[in-house]
Amino acid sequence: MIAIVDYKAGNLASVKRALEYLGHQCEITDRAEKIVAADRVILPGVGAAGATMENLRALNLVDVLRNEVARAGKPFLGICIVLQVLFDRSEDDRADCLAIIPGYVTRYPRALDGRPLKVPQIGWNRVRQVRPHPVFTGVPDNTHFYFVNSYYPIPDDPAATIASCDYGVTFAAAVAKGNVLATQFHLEKSGSAGLKMLDNFCRLNF
């Protein structure tokens with residue numbers, strides 16, 4: 001069973017439909033005991049880092065995700081804003097985050113070569129696989145994925161980055177640390193390549 005964490009935001013229904021299409025059993029839940037009992041955990045997200053953390057705290061899920069999922073070795077996938085809240089802190093709402101992956105999150109530059117840079121980034125962008133990871137099995141390098149974001153992470157350890165992208169700057173588009181994976185792009189909105197990565201996550205042995 002895969003637990004899709006319901007923190008009162010995010011593309012929960014879209015992720016659930018994608019997993020069911022792929023043939024994986026899943027359940028949307030905000031109950032700690034079900035998250036801890038699940039074989040794998042997916043935390044989809046949209047919105048701001050501060051609101052995401054406030055909702056997780058209100059549901060008493062911060063320690064569950066940090067200790068009973070990430071540090072306990074349970075396969076854990078974060079999508080979109082959740083990639084950002086995996087880090088120590090974010091300039092978005094000046095939020096203290098989950099501190100699962102060392103590093104911080106900052107805003108895209110406001111201008112590039114003297115010209116305004118449109119923020120948030122909304123749309124399809126090319127993703128480069130910078131180091132091998134089985135979550136990319138069957139996904140060609142330089143595939144386009146769908147992004148909606150205004151901030152990007154800077155991991156303390158560059159090796160945490162498994163894929164990068166360019167939007168004003170080169171940034172980490174996907175990160176991995178042991179059993180924890182996260183993508184800045186929306187897997188559930190990225191067509192066949194996004195579905196393939198979701199399926200890979202559901203089948204990976206960590």
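Biologist: Which residues of helix α3 are buried?
Modeller: This is a predicted model, to begin with. In α3, residues 49-58, the buried ones are Ala-49, Gly-50, Thr-52, Met-53 and Leu-56.

Biologist: Why do they line one face of the helix?
Modeller: Look down the axis of α3. The buried residues fall within an arc of 160°, so they line one face.

Biologist: And what's exposed on the other side of α3?
Modeller: Glu-54 and Ala-58 are exposed there.

Biologist: What covers the buried residues?
Modeller: The cover includes helices α4 (62-70) and α5 (81-85). It also includes strands β5 (89-90) and β6 (95-96).

Biologist: What follows α3?
Modeller: Asn-60 does, with a positive phi near 55°.

Biologist: Switching to the largest nonpolar core. Which members touch the most others?
Modeller: Leu-19, Ile-42 and Phe-185, out of 38 residues.

Biologist: Which elements give two or more residues to it?
Modeller: The strands are β1 (2-5), β4 (76-79), β11 (143-149), β13 (161-167) and β14 (169-177). The helices are α1 (12-21) and α6 (191-203). The largest share, five residues, comes from α6.

Biologist: What is Phe-185 in contact with, sequence neighbours within four places aside?
Modeller: Ile-79, Cys-80, Val-127, Phe-145, Tyr-146, Phe-147, Ala-173, Ala-174 and Met-197.

Biologist: On to β1. Which way do its residues point?
Modeller: Ile-2 and Ile-4 point one way, Ala-3 and Val-5 the other. All four are buried.

Biologist: What does β1 pair with?
Modeller: Strand β2, residues 26-29, runs parallel to β1 and is joined to it by four bridges. Ala-3 stands opposite Glu-27 there. Strand β3, residues 40-43, is also parallel to β1, with three bridges. In β3, Arg-40 is the bridge partner of Ile-2.

Biologist: Which hand is the β-α-β unit made by β1, α1 and β2?
Modeller: Right-handed.

Biologist: Last one. Is His-133 buried or exposed?
Modeller: Buried. Its relative accessible area is 14%, and the cut-off for buried is under 20%.

Biologist: Where is His-133 found?
Modeller: In the loop between β10 (121-129) and β11. Leaving aside neighbours within four places in sequence, His-133 is in contact with Ile-162, Ala-176, Leu-181 and Leu-204.

Key: Residues numbered from 1 in each chain as written. Predicted model: local features only at pLDDT ≥ 70, side-chain atom pairs only at ≥ 80, totals over all residues. Heavy atoms only, no water. Core = buried A, V, L, I, M, F, W, Y, C linked by side-chain atoms within 4.5 Å. Buried < 20%, exposed > 50% of the residue type's maximum accessible area, 1.4 Å probe, protein only. Contact = heavy atoms within 4.5 Å. Pairing = 2+ DSSP bridges. Right-handed = clockwise from strand over helix to strand, strands pointing away. Arc of directions from axis to C-beta.
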